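Student: Could you take me through this protein, starting with its secondary structure?

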Amino acid sequence: MIERKEYLDELIGYKDKNIIKIITGIRRCGKSTLLQLFQNYLLTIGVSQEQFIVINFEDYDNRHLLNPATLHDYVKKHIAPSGKTYVFLDEIQNVPEFQRVVDSLYLRKNLDIYLTGSNAYLLSGELATLLSGRYVKIEMLPLSFKEYVQYTGDENNLARKYITYLEQSSFPGVLEFEGNAKHIEGYLQGVYDSVVLKDVVARYRISDVMMLESLLRFTFDTVGSRVSTKSISNAMGSDSRKIDVKTVEKYLTAFTDSYILYQAKRYDIKGKQYLKTLEKYYAIDMGLRHLLLGKSGSDVGYMLENVVYLELLRRGYQVYTGKVDSLEVDFVAKNQDGVIYYQVAATVREESTLERELASLKKISDNYPKIILTLDEDPDRDFEGIRKINALDWLMEK
């Protein structure tokens, strides 16, 4: 079992706080494992097994608990006679009207409630209304590059491990197959089928599955490119795959809700305003991208940009793509401490490439950090306050 230390520490920090803990993320990113790790932690500090109520709603043995009234009665019946009871409801979105069950359970002060779900709509609509201000979201991602390297036991040959990380996937379950390409492909196909069929096709009642998959391949193939629903519709139409703008929007929403795609909106740095068009999309995992696209989807620069985007999310930033005059900044990363600007490139050894990457950062007049991340193994450098850093060292937080 891989210890997801950052996520576990976050859960521990919320322990016994009067707030519902909701863990979201794509299927098989490690949400159930995180609950197990947290339960193991509770046992080490003296909490007894009798104080746990653990239900996985994808376990067929629990099918009777998919009825909301039955679930509510079951939890009440199994509350520990003394002390706090820790309630773990895994893949809660499978329960109809689960929001009302959770709302009612929350009223009982001797319960500490933890939920997981594989869809962003878990936090939309009625749940947000019923539980406004009473829940905290922990959004999980598959393994970071640092976690992946730590699992191997040493930090030697990071460049080779980075290539393996991209090709074999960041999903924790892949590590069980010890590099067996055929088994890994089968595993990733299972992840893909689960997400597309369970969380997209069934949820949105999509009949044209082939068109849905064509759109996903298109967005996977154009990660890091500025697009709009209209430009996607036009581009796919030119390849004899006609799809209207509304359908593109519906499908993209379905993909982002299921966490297989992430959308990065644009931000005008000088105008300090958010823009409504030409956003970028990033894939949840390069192994899945490789599964769908094969060698044709092997652009080194865009893959690095995708990895950096997900890492910034892991580190707690709100991430946008930036615009400064007519130039683009790959990422504007914001948190409570301020802003960091990033340019990402596979290499900047050619002077023209370096100047292009520096140009947009030089146009930003504020004093927030400005960084270029590259796979070049040259020494780090400083260009008038703009730092060039090796991306793998940055991913390892060196």
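Tutor: The predicted model has 15 helices and 13 strands, where helices (H or I, at least four residues) and strands (E, at least two) are DSSP runs numbered from the N terminus. Residues are numbered from 1 along each chain as its sequence is written. Local features need pLDDT of at least 70, side-chain atom pairs count only at pLDDT 80 or more, totals for chains, interfaces and linings use all residues, and side-chain values use heavy atoms, without hydrogens and water.

Student: What share of the residues is buried?

Tutor: Of the 398 residues, 52% are buried, meaning under 20% relative accessible area with a 1.4 Å probe, protein chains only.

Student: New topic: at what angle do α9 and α12 pack?

Tutor: Helix α9 (residues 209-221) and helix α12 (residues 286-293) pack at about 120 degrees, with axes 10 Å apart. Axes are lines fitted to C-alpha atoms over the stretch in contact, and angles run from 0 to 180 degrees between N-to-C directions.

Student: Which residues make the contact?

Tutor: On α9 they are L216, R217, F220 and D221, and on α12 they are L288, R289, L292 and L293; contact means heavy atoms within 4.5 Å.

Student: What are the box dimensions?

Tutor: Along the principal axes, the C-alpha atoms fill a box of roughly 70 × 50 × 50 Å.

Key. Buried means under 20% relative accessible area, exposed over 50%, partly exposed in between (1.4 Å probe, protein chains only).
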